[in-house]
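Here's a quick briefing to read with the model open in your viewer.

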Amino acid sequence: LDGLTGIFNKRFITLRLAEQVHRALEEHQSLAVFLFDIDHFKQYNDRNGHVAGDQLLRKLTQLVQANVRQDSLFGRFGGEEFILVLPGADKAQGLAAAENVRKLIAEHAFGLGADQPLERVSISGGVAACPEDASESGVLIRSADEALYAAKHAGRNRVLGYVPHYLGGEAQEPVAPADFHVPAEPEAPPLLPGEAAAARRLEVDGSRADETGPLNGSDLVALE
């Protein structure tokens, strides 16, 4: 267990997640992962001290643990980052559960929270699901992590679901073959001195053709 919060530590929950993903695939079930962290936690620590920061981590952990499903797995992933594994939940259900956690924390009266940039303690998080987004635990975590950072860039205090890169942020219609643009071939690079000496331009019936003559020793040096 994590020494500060009393919940699963990163090593243990990573192993349990791998087991849960394997089971979900075998039983043709879904599984959702919610990865989140505390917004502006460094500023909270800098302003109030590390003891207050540790107290916040413990209180937030207790609040979340008391309000999630009994079969869920909750762990500290590192620093102010947490992971919630939801067996049997699909992407939509995972997002709904994540939003409930986000709202729960944002509306809770944590001490000193009013001094935060968002005038409250808040979290940002990302959700990914198996098998929809990934069928391997490591990829599932990375997908949720990408969604977490997207939530940060979108303004914090929110949760977002992972969107595969090939969708460009939203579902798109397939591109018809006629819409593909074939780029023009790049121009040939200028000839090296040895190549220029070996190439002779000939005029044939009003058109131009290249004929390359034999290379001598100096040409070989130039081409190396």
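The largest pocket is lined by N67, V68, R69, L84, L86, A89, Q93, A97, N100, V101 and L104. Keep in mind that you're looking at a predicted model.

**The pocket, piece by piece**

- Which elements each supply at least two residues of the lining? Those are β3 (81-87) and α4 (91-106).
- Helix α4 gives the most to this lining, with five residues.

**The overall layout**

- The protein has seven helices and seven strands.
- Reading from the N terminus on, the elements go α-β-α-α-β-β-α-β-α-β-α-β-β-α.
- Out of 224 residues, 36% count as buried.
- Take the contacts with a separation of 6 or more: 66% of them come from residues 24 or more positions apart.
- Here's one example of chain parts coming together: G6 and G75 are 69 residues apart in sequence, yet their C-alpha atoms are 8.9 Å apart in space.
- G6 itself is found in the segment before α1 (10-26), and G6 is partly exposed because its relative accessible area is 42%, between the 20% and 50% cut-offs.

**Aromatic rings**

- How many aromatic pairs does the structure hold? There are six aromatic pairs.
- One of them is F36 with F74: the ring centres are 6.4 Å apart and the planes sit at 15 degrees, so this pair is stacked.
- That pair links distant parts of the chain, with F36 in strand β1 (residues 31-38) and F74 in strand β2 (residues 73-78), 38 residues apart.
- Are F36 and F74 buried or exposed? Both are buried.
- Next up is F41 with Y44, where the centres are 6.5 Å apart and the planes are at 5 degrees, so the rings are stacked.
- F41 and Y44 both lie in helix α2 (residues 41-48), three residues apart, which is about one turn of the helix.
- F41 has a relative accessible area of 7%, so F41 is buried, the cut-off being under 20%.
- Y44 is also buried, with a relative accessible area of 4%.
- There's a cluster to look for too: F34, F36, F74 and F82 form one aromatic cluster.
- K10 has its charged end over the ring of F77, 4.7 Å from the ring's centre.

- For background, most residues other than glycine have a negative phi, and most peptide bonds are trans.
- Where is there a cis peptide bond? The bond from C130 to P131 is cis, with omega near 5 degrees.
- P131 lies in the loop between β4 (123-130) and α5.
- E119 isn't a glycine, but its phi is positive, near 60 degrees.
- You'll find E119 in the loop between α4 and β4, and E119 is exposed, with a relative accessible area of 62%.
- R156 is another non-glycine residue with a positive phi, near 70 degrees.
- R156 is in the loop between α5 and β5 (159-161).
- Why does R156 count as partly exposed? Its relative accessible area is 29%, so R156 falls between the 20% and 50% cut-offs.

**A buried serine**

- S143 is found in helix α5 (residues 137-153).
- S143 is buried, since its relative accessible area is 4% and the cut-off is under 20%.
- Which residues does S143 touch, not counting those up to four places away in sequence? Its partners are A128, D133 and Y162.

Key. Residues numbered from 1 in each chain as written. Predicted model: local features only at pLDDT ≥ 70, side-chain atom pairs only at ≥ 80, totals over all residues. Heavy atoms only, no water. 1 Å grid on protein atoms, 1.4 Å probe; cavity = no way out; pocket = protein on both sides within 12 Å on 5 of 7 lines; lining within 4 Å. Helix = DSSP H or I, 4+ residues; strand = E, 2+ residues; numbered from the N terminus. Buried < 20%, exposed > 50% of the residue type's maximum accessible area, 1.4 Å probe, protein only. Contact = heavy atoms within 4.5 Å. Phe/Tyr/Trp six-rings, centres within 6.5 Å; stacked < 30°, edge-to-face > 60°. Lys NZ or Arg CZ within 6 Å of the ring centre and 35° of its normal.
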